[in-house]
Amino acid sequence: MIAYFVHDPRKKQDTIYLPDLGCFVPVDKAAMARFISVKPDFASWTGMACAYVKPEEFGSVVATRDDQGDVCIAHQDLWRERMFAHLGSPMERPQ
């Protein structure tokens with residue numbers, strides 16, 4: 001199952017869109033952590049119901065992820081910016 005990490009610069013929000021489930025999840029720290037986790041198990045995610053649309057309806061596709069694979073980054077600089085926005089800088093984390 002594929003998931004799309006999408007950024008809307010006008011609304012200043014990020015969304016994870018799961019077309020196979022017909023839902024989307026607004027991104028916060030917990031959602032970002034689940035998206036990048038070793039086994040995200042998207043089939044068990046719940047979110048806000050939506051019609052099947054193109055991922056671009058939510059904004060710019062920054063990254064995609066399959067349950068069984070790694071994060072595929074489409075826009076490296078924007079991905080880094082969004083990671084810092086949700087998870088903070090790795091340099092700021094306690095050791």
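This is a predicted model: local features need pLDDT of at least 70, side-chain atom pairs count only at pLDDT 80 or more; totals for chains, interfaces and linings use all residues.

Where is the place of Asp-41?

Author: Asp-41 belongs to the loop between helix H1 and strand E4, the latter covering residues 48-49.

Residues are numbered from 1 along each chain as its sequence is written, and side-chain values rest on heavy atoms, with hydrogens and water left out.

The backbone of Asp-41 has a phi near 45°, a positive value in a residue other than glycine. Asp-41 is partly exposed, its relative accessible area being 42%. The scale calls a residue buried under 20% relative accessible area, exposed over 50% and partly exposed in between, with a 1.4 Å probe and protein chains only.

A second residue with such a backbone angle is Lys-12, whose phi is near 55°, again positive and again in a residue other than glycine. Lys-12 sits in the loop between E1 and strand E2 (13-18). With a relative accessible area of 69%, Lys-12 counts as exposed.

A search of the whole structure finds 8 aromatic pairs. Rings of Phe, Tyr and Trp (its six-membered ring) pair if their centres lie within 6.5 Å; planes under 30 degrees apart count as stacked, over 60 as edge-to-face, and the rest as tilted. The rings of Phe-5 and Phe-35 have centres 5.9 Å apart and planes at 50°, so this pair is tilted. Phe-5 lies in strand E1 (residues 2-8) and Phe-35 in helix H1 (residues 29-36), so the pair ties together parts that are 30 residues apart in sequence. Phe-5 is buried, at a relative accessible area of 0%, and Phe-35 counts as buried at 0%. Phe-42 and Trp-45 also form an aromatic pair, this one edge-to-face, with 5.1 Å from centre to centre and 70° between the planes. Phe-42 is buried with a relative accessible area of 0%, and Trp-45 counts as buried at 3%.

Gln-68 lies in the loop between strand E5 (60-66) and strand E6 (71-73), and its relative accessible area of 74% makes it exposed. Pro-40 is 28 residues away from Gln-68 along the chain, yet their C-alpha atoms are separated by 8.5 Å.

Lys-54 has its place in the loop between E4 and E5 and is exposed, at a relative accessible area of 60%. Lys-54 and Tyr-17 are 37 residues apart in sequence and 9.4 Å apart in space, C-alpha to C-alpha. Asp-77, in helix H2 (residues 76-87), is exposed as well, at 59%. From C-alpha to C-alpha, Asp-77 is 9.3 Å from Val-62, and the two are 15 residues apart in sequence.

Finally, the whole. The protein has 2 helices and 6 strands, and from the N terminus on the elements run β-β-β-α-β-β-β-α. Its C-alpha trace spans about 40 × 30 × 20 Å along the principal axes. A compact globule of 95 residues would have a radius of gyration near 12 Å, and the 13 Å of the protein agrees with this. That radius is taken over C-alpha atoms, and the globule rule is 2.2 Å times the number of residues to the power 0.38. Buried residues make up 40% of the 95 residues. Among contacts (heavy atoms within 4.5 Å) between residues at least 6 apart in sequence, 55% join residues at least 24 apart. The protein exposes about 6,000 Å², of which carbon and sulfur atoms supply 53%; such areas come from the Shrake-Rupley method with a 1.4 Å probe.

Conventions
Helices (H or I, at least four residues) and strands (E, at least two) are DSSP runs, numbered from the N terminus.
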